[in-house]
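Please have the sequence and the coordinates open while I speak.

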Amino acid sequence: MSFDIAIRYAAGERERDGGIASEAKLVALTGPSGIGKTTLLDCIAGLRRPLSGHIRVGGETLFDRGLGIDLPPELRRAGYVFQDLRLFPHKTVAANLAYGARSDAPWHSPAEALGFLGIAHLARRYPATLSGGEAKRVAIGRALLSAPRFLLLDEPLTSLDPARAEEILRLLERIRDELGLPTLLVSHAAAEVERLAGEVVVLD
């Protein structure tokens with residue numbers, strides 16, 4: 001199963017339940033703002049600890065309170081693309097991609113990743129000079145070069161105009177269809193969810 005998650009976790013001052021059980025390659029997670037979607041991603045990545053329950057991705061148990069399992073983030077190997085992207089401002093696009101790259105990544109080098117992402121012409125640029133869509137492609141590429149076991153994407157189309165959003169949608173379709181990584185996508189965009197997701201989970 002791609003995602004088998006049933007946890008109780010703290011989101012702000014409230015406790016919430018998060019449950020996902022899906023074989024789909026790409027699962028969309030939706031719900032109103034403030035419901036705890038990003039916090040749920042943080043729990044899956046190992047950046048926050050759930051109060052109870054279990055997290056299994058691709059058949060591997062990452063967290064199980066009852067069994068005493070709680071893998072650290074580096075052993076969970078989530079490719080996490082945050083809303084704020086978290087690119088290194090002092091590093092070029094090529095250097096951002098190379099940071100944390102592993103030999104078992106989908107590509108053998110950042111140069112191959114640049115080609116897949118369609119940003120080879122940006123290799124020597126710095127994040128401050130990139131458009132929103134270009135920066136998002138760099139962040140997605142850096143996550144993939146870490147050779148993740150699965151992807152977590154937090155609102156990847158936020159603040160993009162329609163043309164740049166379409167570019168990111170096409171890239172995500174290629175990742176879904178060509179790389180086959182289990183992917184959990186947080187989104188408020190109905191068109192994005194309908195186009196990409198094999199299954200939709202609503203937090204309410």
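I begin with one residue. Leaving aside neighbours within four places in sequence, Ile175 is in contact with Phe116, Ile140, Leu144, Leu151 and Gly180, where contact means heavy atoms within 4.5 Å. The model is a predicted one: local features need pLDDT of at least 70 and side-chain atom pairs count only at pLDDT 80 or more, while totals for chains, interfaces and linings use all residues. Residues are numbered from 1 along each chain as its sequence is written, and side-chain values use heavy atoms, with hydrogens and water left out.

Together with Val93 and Ile140, Ile175 has the most contacts inside the largest nonpolar core, which has 40 residues. By nonpolar core I mean a set of buried Ala, Val, Leu, Ile, Met, Phe, Trp, Tyr and Cys residues joined through side-chain atoms within 4.5 Å. Buried means under 20% relative accessible area, exposed over 50%, and partly exposed in between, with a 1.4 Å probe and protein chains only. Among the elements that each supply at least two residues of this core are strand S3 (26-30), helix H4 (110-117), helix H5 (132-145) and helix H6 (162-179). Helices (H or I, at least four residues) and strands (E, at least two) are DSSP runs, numbered from the N terminus. H5 gives the most to this core, with seven residues. A second, separate core of 27 residues includes Leu29, Cys43, Phe150 and Leu184.

Leu117 is found in helix H4 and is buried, at a relative accessible area of 4%. Beyond its neighbours within four places in sequence, Leu117 touches Leu97, Arg137, Gly141 and Leu171. The C-alpha atoms of Leu117 and Gly141 are separated by 6.9 Å, although these residues are 24 residues apart along the chain.

Next, the sheet. Five strands form an open sheet in the order S7-S8-S9-S3-S10, with parallel pairing; two strands pair if DSSP finds at least two bridges between them. At the edges are strand S7 (78-81) and strand S10 (199-202), each pairing on one side only. Neighbouring strands of this sheet are turned by 20° against each other on average, direction ignored. Axes here are lines fitted to C-alpha atoms, for helices over the stretch in contact, and angles run from 0 to 180 degrees between N-to-C directions. Four bridges join S8 to strand S9 (residues 183-186), and Asp154 stands opposite Val186 in S9. H5 packs on the sheet, touching S7 and S8, and its direction makes about 170° with that of S7.

How many aromatic pairs does the count come to? The count is two, where rings of Phe, Tyr and Trp (its six-membered ring) pair if their centres lie within 6.5 Å; planes under 30 degrees apart count as stacked, over 60 as edge-to-face and the rest as tilted. The pair of Tyr80 and Phe82 is stacked, because the ring centres are 4.0 Å apart and the planes are at 20°. Both Tyr80 and Phe82 are buried. Phe88 and Tyr99 form an edge-to-face pair, 4.7 Å centre to centre with 65° between the planes. Phe88 is partly exposed at 23% relative accessible area, and Tyr99 is partly exposed at 48%.
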